[in-house]
Amino acid sequence: MPQAQARAVLPVVLLGCGGVGRHLLRHIVSCRPLHANQGVAIRVVGVADSSSLLVADDVRASGLDDALLNDLCSAKSAGSPLSSLLARGHCQVFNKPEAMGKVIDAATMLGRTTGLVIVDCSATYDTVGVLKDAVDHGCCVVLANKKPLTCAYEDFKKLTSHFRQIRFESTVGAGLPVIASVTRIIASGDPVSRIVGSLSGTLGYVMSELEDGKKFSEVVKTAKALGYTEPDPRDDLSGMDVARKALILARLLGQQISMENINVESLYPSELGPEVMPTTDFLESGLAKLDETIEAKVKAASLRGNVLRYVCVIGNTGCQVGLQEVPKDSALGRLRGSDNVVEIYSRCYESSPLVIQGAGAGNDTTAAGVLADIIDLQDLFQTRA
């Protein structure tokens with residue numbers, strides 16, 4: 001279906017073309033026939049990385065073509081700059097700090113006319129100002145990046161107060177419908193009393209493997225070899241990624257809290273931290289120092305008929321993140337591999353919680369969740385297209 005026949009045309013500027021961003025661009029291109037049948041067209045008018053912005057010559061009339069988007073993905077995978085694509089024509093490149101100003105220019109131009117979706121697949125706090133300006137100009141925002149929602153509470157409130165214009169499902173459970181489920185329950189007048197979740201695919205894998213009697217150090221190294229962890233596994237073992245997800249959920253429930261208000265249990269002591277010990281030393285010698293302590297906790301839990309899980313618990317009295325014993329036959333206890341699971345308790349779901357489980361990590365899964373969020377905004381563009 002030609003773009004002119006689409007009932008809804010969604011211009012998009014993508015911030016961040018790392019793993020998730022590149023997968024998103026490939027999904028957009030490969031899903032053209034599907035979206036055309038649905039009367040929807042996504043027009044990518046700009047893509048930014050950490051240093052520059054590639055933008056179509058005329059963002060009001062056209063976007064970056066699919067061949068260019070595919071070449072962009074290949075170039076970024078190979079470590080090439082966006083400027084390497086200038087020879088393709090019909091596009092311009094702006095470097096920082098001018099690049100973010102050009103994003104605002106696009107937001108000003110398109111926000112109240114054709115509309116614009118700013119998609120943040122970066123991993124930085126630096127996009128907060130651009131996102132706040134964008135919603136002020138009437139733009140929509142889709143987030144995979146958790147950091148804009150976990151900095152100052154005022155920024156969270158600013159962004160989410162434009163609830164029709166923002167989607168952030170992928171900040172918590174990749175493609176899992178956690179945010180949608182919580183907001184639907186709240187909208188029904190059913191107060192959510194508690195959320196318990198295993199929201200780290202990495203730590204979910206580690207905890208479930210420990211049940212088989214494996215050493216903590218061996219399991220973490222295997223997880224790293226499988227690509228489940230960050231280059232420095234302490235980024236996962238610190239629990240801060242889970243804490244950010246928990247903070248988003250807590251704020252969604254109306255809690256005006258910050259990261260400082262969350263009790264986060266790290267799986268390594270400060271003397272093994274990145275400020276003290278290089279990554280190689282941690283992997284070669286530091287990890288093994290944790291084996292005895294973790295093994296004792298696993299055995300103690302087993303004697304009580306429980307297993308260990310790294311979870312977040314969000315209740316009326318606050319938010320905690322860390323190791324917790326759970327019954328083996330519970331949804332959390334049955335969890336295996338890198339899946340995520342979330343239990344939502346409310347008046348209607350008090351004795352039998354709403355359980356959401358599935359793949360909660362990975363670039364492909366996260367990008368699919370982001371694309372679904374973009375498509376979910378199509379009704380706001382039908383009268384503009």
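## Helix 8 against helix 12

Helix 8 passes helix 12 in a right-handed crossing. This is a predicted model. Helix 8 spans residues 178-187 and helix 12 spans residues 240-252; their axes come within 11 Å and cross at roughly 20°. Angles under 35 degrees count as roughly parallel, and helix 8 and helix 12 are therefore roughly parallel to each other.

On the helix 8 side, the residues that meet helix 12 are V178, I179, V182, T183 and I186. Their partners in helix 12 are I248, L249 and L252. By class, this contact of helix 8 with helix 12 has seven nonpolar residues, one polar residue and no charged residues.

A174 is found in the loop between helix 7 (170-173) and helix 8. Its phi is near 55°, a positive value in a residue other than glycine. A174 counts as buried, at 3% relative accessibility.

## The buried side of helix 13

Helix 13 covers residues 279-286, and within this helix F282, L283 and G286 are buried. These residues cover an arc of only 125° around the axis, so they lie on the same side of helix 13. An α-helix has 3.6 residues a turn, so residues three or four places apart point the same way.

Helix 10 (216-225) and helix 11 (234-237) are among the elements that cover the buried residues of helix 13.

H90 is not a glycine, yet has a positive phi of about 60°. With 65% relative accessibility, H90 counts as exposed.

The peptide bond from K96 to P97 is cis, and its omega is near 5°.

## H35 in helix 2

H35 lies in helix 2, which runs over residues 32-37. The relative accessible area of H35 is 6%. Because buried means under 20% relative accessible area, H35 is buried.

Neighbours within four places in sequence aside, H35 is in contact with V40, I42, L371 and I375. H35 and A6 are 29 residues apart in sequence, and their C-alpha atoms are 9.0 Å apart in space.

How values were computed:
Residues numbered from 1 in each chain as written. Predicted model: local features only at pLDDT ≥ 70, side-chain atom pairs only at ≥ 80, totals over all residues. Heavy atoms only, no water. Axes fitted to C-alpha atoms, helices over the stretch in contact; angles between N-to-C directions. Helix = DSSP H or I, 4+ residues; strand = E, 2+ residues; numbered from the N terminus. Parallel < 35°, antiparallel > 145°, perpendicular 65-115°, else oblique. Left-handed = near helix turned anticlockwise from the far one by under 90°. Contact = heavy atoms within 4.5 Å. Nonpolar A, V, L, I, M, F, W, Y, C, P; charged D, E, K, R; others polar. Buried < 20%, exposed > 50% of the residue type's maximum accessible area, 1.4 Å probe, protein only. Arc of directions from axis to C-beta.
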